[in-house]
Each structure stands twice: as structure tokens, then as C-alpha cells.
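Work through the exercises below with the sequence and the coordinates open. Each task is followed by a solution in steps.

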Amino acid sequence: MKLDDATARVLSGTKVATEIREGLRPRVETFCRAAGRAPMLGLLLVGADPGSQIYVRNKIKASEGLGMATDLRRLPETASFDDVLDIVRSFNASAAHDGILVQSPLPVGLGAEAEQKIFDAIDPDKDVDGFHPVNVGRLVQKRPALTPCTPLGIIELLDRAQIEISGKRAVVIGRSDIVGKPIAMLLLHRNATVTVCHSKTVALARVASTADILVVAVGVPAFVTRAFVKPGATVIDVGTNPLTDRDRVEMIFGEGTMKMAAFEKRGTVLSGDVHPEVGSVAGALTPVPGGVGPLTIAMLLSNTVRAAEDRLSSDRRT
Ligand code: NAP
């Protein structure tokens, strides 16, 4: 089975991300008129990780494309923990910064717990990544919260594709703080019956194949095969795994496919966590790229606009 032969409905995150951004545009304009300034996202990039540079550039481009302001601060790889903390504190104290994003990963030299400590230092009301424990707690209690962007984007995608969540059986493979746990919580709040799987789950394929909605966030290329998928299920592939080994690309995608042609041209392609053969079993499937990825940035913009609006209305109350 080749990717190019897939029969599943393709759930385009690119299309939904455009709709989300266009929906935000009038809210940004209204905010600008009311506040006399644009909503502003403060970004902190520490070190020179190439992936992080690209992510930050894309986030800035998307924010500015919507008429939002950005403030990028850079620190060298050698920056101390206090250097990073100082910038976060200055963003917290600033009246003009509505959202704060510290690009992960931080350099290893800052220590094993640096990232958690830095995320904990962000003002929860400006925590547009939704990683602060206050926001995690609010999410668990189903109270208003800034929620991690990737899971929020998945729910938006399901809603806009009119895929019923309530009463359905959902299986999430992966239990990370940024994807697995929060998507499990959001699906639960929408009345799905949720099972969370991980590396110690026994009979994983059998458990996964009970799902009406299967969310895969594992970080292993083509991990989920046909055996994991109930015919007609909706499969959300969160994985973004760059492949540079020709044999591996050929083994996953097969000779003569569009992916193989893309690999021959660029020497690298992205693989999701879901094997292309799933396209012939699933009812609906997100592509990689063009699925969950664009939604993550769209929801970052959405969280920033929301944080700005909430701050403006609380300013008016005081
Ligand atoms: P992560 O923190 O590395 O967590 C991976 C999870 O997968 C863990 O819970 C792990 O289980 C589980 N796992 C690993 N191997 C497994 C196996 N053989 N069987 C069952 N479970 C297994 O990953 P993440 O941050 O959630 O990211 C997952 C993927 O999504 C990556 O490819 C990442 O690049 C991608 N991602 C994409 C976006 C986007 O916007 N498109 C956003 C975030 C992440 P244990 O807990 O037992 O170790």
C-alpha cells in the first residue's frame, strides 16, 4: 500500500489554520482600536539550535502577518539561568507584552530542570504555550485556561471537520506534557472515553484498534501500522520526524511515491508517526506535513489574542 493510493479523507491542517487565522484578524483589529496598540508576543530564543531558529522565525512571521507585534530576545548558548530569568521577568512586568514564549529546548548547559523552572516563572496570564502549572491545573479542572497549542489545534480540526467526539472511544498514544496528556484531557472534557497509552502499554496495537479517534504522538517514524487502526477511524498524526536515510524512506513510503520523489530532490522528507498504509484503513487522517503542524502555530496566535483580550478587559475592571 502506497501513500499515493490512500483512501482516507485527508484532514488538512493547512486549510483549517488559514480559517483560524482569518477568524482572528477582526479580533486583532478590534483589540488594536481599543488598546491603541497591537497584541504583542515576547519570544526568547537561547542558543543556536537550527530547528528552534526556524520555529521562532515561523512564529514571528505568522504573528506579524496577522497584524500582531513581536519582540524577539536572543541569548547566546552560554547564557546563565539568571540571564534567561531576567528576560522572562521583564516580559512579565511589561504592560505591552501579552504573551510570552520561551523556545524549547533550552541549552543543556543550563541544567536538567532549567526549562521547567523557566516555564514556572512565566506569568500564567501570559503563558501562551499553556505549560505553567496553574494553567495545567485549570485545564484539568475544566476552568478557563491557556492550553497547549497542539492539542487545542487537534480539537479545532476535529470540530471543523465535523467529527463527533462525544461518546466516542479515543486512544492517545504518548503521554507528554505538551501533547499526550493535554489532548487526553480535552477529549475527556468533550465526553470521549479516553485511554492513554505509552511505552509500557501491553498489547498496544489491540488497545489502539478500539479507537474511533486515535491520536498518535510518539516521535517514531511510521510507528502506527494498519494493525493499530479500526477501519473507518479518525487518525491524528502528531509526529514530525525528519528522515535522511534513503533506505528508510523507501521502506516506509515505497518506490515511485511523491514522498520518494521529494526525497530524491531534497535529501530529506518528513515522516509522521503513522505509516502511510494506514491511509487505506482509516476513515480520516492528518497528513504530515500540512496536518497538525500548521494548527499549532495558528493556536499560538489564538492564545496570544485571547491573552491580550483578557488582559485588556481586566485592566478595564481595575
Ligand atoms: P515525547 O515527549 O518524546 O513523548 C513521546 C511519548 O511516546 C512518550 O509518552 C513515550 O512513552 C511514548 N512512546 C515512545 N515510544 C513508544 C513505544 N514504542 N510505544 C508506545 N509509546 C511510546 O514526544 P512529544 O513531545 O509528545 O512529541 C511526539 C511527536 O510529535 C514528535 O515527533 C514531535 O516532533 C511531534 N510534535 C509535533 C508537534 C506539531 O506541532 N506538529 C508538536 C509537538 C510534538 P513513555 O512516556 O512511556 O516514555
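Predicted model: local features only at pLDDT ≥ 70, side-chain atom pairs only at ≥ 80, totals over all residues.

**Exercise 1.** Locate Ser94 and decide whether Ser94 is buried or exposed.

Solution. 
- Step 1. Ser94 sits in a loop, with helix 3 (81-93) on one side and strand 4 (99-102) on the other.
- Step 2. The relative accessible area of Ser94 is 17%.
- Step 3. The cut-off for buried is under 20%, so Ser94 is classed as buried.
- Step 4. With residues up to four places away in sequence set aside, Ser94 touches Lys126 and Arg311.

**Exercise 2.** Determine in which helix Arg311 lies, how accessible Arg311 is, and which residues Arg311 contacts beyond its sequence neighbours.

Solution. 
- Step 1. Arg311 belongs to helix 11, which spans residues 292-317.
- Step 2. Its relative accessibility is 16%. Because buried means under 20%, Arg311 counts as buried.
- Step 3. Neighbours within four places in sequence are left out; the contacts of Arg311 are then Arg37, Ser94, Ala95, His97, Asp98 and Lys126.
- Step 4. The contact list of Ser94 also holds Lys126, along with Arg311 itself.

**Exercise 3.** Give the strand order of the three-stranded sheet and identify its edge strands.

Solution. 
- Step 1. The sheet is open, its order is 3-2-4, and its pairing is parallel.
- Step 2. Strand 3 (69-75) and strand 4 are the edge strands, each pairing on one side only.
- Step 3. From one strand to the next, the twist averages 15°.
- Step 4. Four bridges connect strand 2 (residues 40-46) with strand 4 in the parallel sense.

**Exercise 4.** For the six-stranded sheet, find the order, explain why one side of each edge strand lacks a neighbour, and describe the packing of helix 7.

Solution. 
- Step 1. This open sheet has the order 1-11-8-7-5-6 and parallel pairing.
- Step 2. The edges are strand 1 (9-10) and strand 6 (193-197); each has a single partner strand, so one side of each has no neighbour in the sheet.
- Step 3. Helix 7 (residues 180-189) packs on the sheet and touches strand 5 (169-173), strand 6 and strand 7. The directions of helix 7 and strand 5 make an angle of about 170°.
- Step 4. Strand 7 (residues 213-216) and strand 8 (residues 234-237) run parallel and are joined by four bridges. Val215 has Ile236 in strand 8 as its bridge partner.

Methods. Residues numbered from 1 in each chain as written. Heavy atoms only, no water. Helix = DSSP H or I, 4+ residues; strand = E, 2+ residues; numbered from the N terminus. Buried < 20%, exposed > 50% of the residue type's maximum accessible area, 1.4 Å probe, protein only. Contact = heavy atoms within 4.5 Å. Pairing = 2+ DSSP bridges. Axes fitted to C-alpha atoms, helices over the stretch in contact; angles between N-to-C directions.
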